Each structure stands twice: as structure tokens, then as C-alpha cells.
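Dear colleague,

Please find below the structure that I am handing over to you, followed by an account of what was found in it.

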Amino acid sequence: MALPKLEAVRYTTELPITKKKVNYRPFLVKEQKVLLQALEGEESTTIQNSMFDLIKSCVFDEETLKLEHLPMTDVEWLFLQIRIKSAGETADLLLGCDCHEEARTPVTVDL
């Protein structure tokens with residue numbers, strides 16, 4: 001007897017530059033964990049590769065999309081749409097001040 005296959009909710013977005021329609025799903029907790037581990041490493045190539053891997057795993061029509069050939073604006077848009085459906089439409093940030101290194105202001109950004 002085979003294990004049941006879970007289907008994720010499919011969302012569609014249109015990329016702003018190339019105008020391609022892309023079907024995607026929210027990322028899973030294990031995929032988010034990989035991204036967080038890459039952020040802790042603080043190497044830009046590791047973070048970029050992890051972000052590309054996350055997008056490739058969440059996009060359904062990856063073969064036709066050719067993520068490496070998309071403009072960076074489209075890649076960022078797609079990542080942001082996946083993040084919105086996965087973790088919510090707002091992001092809580094701490095903005096620093098130039099006058100004091102320790103002074104930080106909490107800000108909620110509507111994505």
C-alpha cells in the first residue's frame with residue numbers, strides 16, 4: 001500500500017518583467033530551515049544558491065521557467081510571492097539608526 005500523496009495549494013503569479021505566468025506553492029518548514037541556515041553562514045553565494053533552490057522546489061513548471069535566465073527583478077518577485085503565501089503578508093524589521101548603533105526601531109512592512 002502506497003503512502004498518500006499530499007497536494008499543496010497552487011497559486012499563480014505573473015512575473016513583472018517577462019510577463020510569464022508561474023504556478024507555485026508555499027515553501028515547507030524544512031525548506032525554510034535550509035534558507036535560515038544559509039543566512040547564518042553570511043556568504044552571499046550560499047544565500048543566493050539556497051534561494052534559487054527554494055524557488056526551484058516551489059515552482060511547478062520549472063523546466064519552462066529557466067530561472068537562471070530570468071531578470072533578477074522577476075526572481076525577487078517570485079521569491080517574495082512564495083514568502084507571502086508561506087509566512088504571511090507582513091515582515092517585522094528592526095531598523096537601525098546612524099546616530100546610535102544600539103538604537104533600533106521596530107517596523108512592520110506590508111509586503
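Lys-19 is found in the loop between strand 1 and strand 2 (strands are DSSP E runs of at least two residues, helices H or I runs of at least four, both numbered from the N terminus). The phi of Lys-19 is near 60°, a positive value in a residue other than glycine. With a relative accessible area of 53%, Lys-19 is exposed (exposed means over 50%, buried under 20% and partly exposed in between, using a 1.4 Å probe and protein chains only). A positive phi, about 50°, also belongs to Lys-66, again not a glycine; Lys-66 lies in the loop between helix 3 (62-65) and helix 4 and counts as partly exposed at 47% relative accessibility.

Please note that this is a predicted model, in which local features need pLDDT of at least 70 and side-chain atom pairs count only at pLDDT 80 or more, while totals for chains, interfaces and linings use all residues. Residues are numbered from 1 along each chain as its sequence is written, and side-chain values use heavy atoms, with hydrogens and water left out.

Within strand 1 (residues 11-14) sits Thr-13, which counts as buried because its relative accessibility is 8%. Its side chain makes a polar contact with the side chain of Trp-77 at 3.0 Å (a pair of N or O atoms within 3.5 Å, one able to donate a hydrogen and the other to accept it; residues adjacent in sequence count only if both atoms are side-chain atoms). Leaving aside residues up to four places away in sequence, Thr-13 touches, among others, Lys-20, Val-22, Tyr-24 and Leu-78 (contact means heavy atoms within 4.5 Å).

The largest nonpolar core has 18 residues, of which Ile-55, Leu-65, Leu-67, Val-75, Leu-78 and Ile-82 touch the most other members (such a core is a set of buried Ala, Val, Leu, Ile, Met, Phe, Trp, Tyr and Cys residues joined through side-chain atoms within 4.5 Å). Two or more residues come from each of strand 2 (21-24), helix 2 and helix 4, and helix 2 gives the most, with five residues. Beyond residues up to four places away in sequence, Ile-82 touches Tyr-24, Arg-25, Pro-26, Phe-27, Ile-55 and Cys-58.

Yours sincerely
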